[in-house]
Amino acid sequence: MKFFIFLVCLITVNISKAQIRFIDIDSKLVIPSLNIYHESGKLIGLTDKNGAVQFLEGVEANRLLPMTIIAQHISYTPKNIEIKSLNEEQVYQLTPRSIVIDDVVVIAKPKEVIVLKGYYRSLETFNHQHKYFSDGVVEFYIPLIKGKPKPKYRLIDYRIFTDATITADYTEKMGPFFQIPRVPEMNGQNLSDRLADMGQKNDGTNRVRLIKNGDDVGYLTKSNDGNNLQLYIDKVLPDSVIKEKLFRIEARTLQEVSLENYSSISMDPITPFNLTSIYQNIVGTIKRKSEYGHIPYEGLNEFYVMEKRYMSWDEYKSIQKDLTKSIYKTPEKSDYKNRFWEDLDKYHIPAINGALGIQLEQNLKLIN
């Protein structure tokens, strides 16, 4: 009888997770990697590769009803949706956002290093509470020469927000060792080279499935207007979990997604110079002390290209010592001269959603 009750509960949970789906208003294709925020500002879920909302571990969605959710994605206009029930199938359509990048004037110089300047956002949550948020202007330097050193970056203007209470709770339970990316991880390879070991299967739409060792690991999607190519990759295979241990911390990764948009649909060659935006997440749980068990933990990073250019290798070497290599380096205080967050409309970059804005006003405090 106990097993039967457990089975019924499990089936009920799985059904509820599949009741809300998101699709593109034009192509009708499902939308993965949507951030789902509760009206209070808390991150409560994300969409999977099938566009279905998966509530974060420990989130009791039924107890939040009725609620307003905010669906946010790097490629779409944010949308507020009122949810009254999880008992029936619900499908919502999102509108692709326009992408505007300044025209690039390529001066006659060697194309040895790509420079992408843009706006980034980084959010870290612990036990469903916002622990750390940062946003700002960053330049990525991506060498193209032989040997290809790894990309580096430089933060230009940035804000840091933290919740002292959540930070103290994290330190007590996890210690200071575990770190999470603070900016997206860039890849210097051509897209065709990165996908060389994957099979591709077209199902008759403008979306191509990517297959590795017999498993679906992502897909490529061409936009309806033919101006954009999107790469979606989840490093965690379907129905699996990646388990790792760092010092005394055990980590279970449930989802590790990279979603990249390019201003070209021709595969050869697509380089980082064609990148327009990128989104990366890590969703899982971490445990250090047995009495606390595994605690939900998420990290989200976004980057929107505003300007791009090339530079020579000699120019790069002259500034290399001032650049940062580790994406885990954590700035502790804000440092900005320009109010960059007021210029996002100019580049059609979605503003910080209202729900997260509530957290920035109430719990997350600006650190100067």
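Tyrosine 119 sits in strand S8 (residues 113-126), where helices (H or I, at least four residues) and strands (E, at least two) are DSSP runs numbered from the N terminus. The structure is a predicted model, in which local features need pLDDT of at least 70 and side-chain atom pairs count only at pLDDT 80 or more, while totals for chains, interfaces and linings use all residues. Residues are numbered from 1 along each chain as its sequence is written, and side-chain values use heavy atoms, with hydrogens and water left out.

With a relative accessible area of 1%, tyrosine 119 is buried; buried means under 20% relative accessible area, exposed over 50%, and partly exposed in between, with a 1.4 Å probe and protein chains only. Its contacts, defined by heavy atoms within 4.5 Å, are with Asp135, Gly136, Glu302, Phe303, Tyr304, Met306, Phe340, Leu344, Ile349 and Ile352, once neighbours within four places in sequence are set aside. Lysine 173, by contrast, is 54 residues apart from tyrosine 119 along the chain, and their C-alpha atoms are separated by 33 Å.

The strand around this residue is mostly covered too, as 13 of the 14 residues of S8 are buried. S8 pairs with strand S9 (residues 129-143) in the antiparallel sense over 14 bridges, and two strands are taken to pair if DSSP finds at least two bridges between them. Within this pairing, glycine 118 stands opposite valine 138 in S9. S8 and S9 form a hairpin with two residues between them, and asparagine 127 in the turn has a positive phi of about 55°. S8 also pairs with S18 in the antiparallel sense, over 14 bridges; here tyrosine 120 has phenylalanine 303 of S18 as its bridge partner. In general, strands of a sheet pair through backbone hydrogen bonds, either parallel or antiparallel.

Elsewhere, five strands form an open sheet in the order S4-S3-S2-S5-S6, with antiparallel pairing. Its edge strands, each pairing on one side only, are strand S4 (53-55) and strand S6 (76-83). Neighbouring strands of this sheet are turned by 25° against each other on average, direction ignored; the axes are lines fitted to C-alpha atoms, for helices over the stretch in contact, and angles run from 0 to 180 degrees between N-to-C directions. Strand S2 (residues 35-38) and strand S5 (residues 67-73) are joined in the antiparallel sense over four bridges, and tyrosine 37 stands opposite isoleucine 70 in S5.

Asparagine 35 also belongs to strand S2. Asparagine 35 is buried, its relative accessible area being 1%. Leaving aside neighbours within four places in sequence, asparagine 35 is in contact with Leu43, Gly45, Leu46, Ile70, Ala71, Gln72, Tyr279, Leu300 and Glu302. Asparagine 281 is 246 residues apart from asparagine 35 in sequence, yet the two are 9.8 Å apart in space, C-alpha to C-alpha.

Grid points are joined across faces, edges and corners, and a volume is the space filled by probe spheres set on the points. This rule gives four cavities of 30 Å³ or more. The largest cavity has a volume of about 100 Å³. Of its 14 lining residues, Tyr37, Gln72, Arg121, Glu302 and Leu356 are the closest to its centre, and the elements that give two or more residues are S2, S8 and S18. The lining of the largest cavity divides into seven nonpolar, five polar and two charged residues, with Ala, Val, Leu, Ile, Met, Phe, Trp, Tyr, Cys and Pro counted as nonpolar, Asp, Glu, Lys and Arg as charged, and the others, Gly among them, as polar.

The second largest cavity holds about 50 Å³ of space and is lined by Met186, Asn187, Arg194, Glu260, Tyr262, Pro272, Leu275 and Ile278. S16 and S17 each supply at least two residues of this lining.

The second largest pocket has a volume of about 950 Å³. Among the 45 residues that line this pocket, Glu185, Lys235, Glu256, Asn281 and Ile282 are the closest to its centre. S17 gives the most to the lining, with eight residues.

Definitions and conventions
On a 1 Å grid over the protein atoms alone, a cavity is a set of points where a 1.4 Å probe fits but cannot get out, and a pocket is an open set with protein on both sides within 12 Å along at least five of seven lines; lining residues have an atom within 4 Å of a point.
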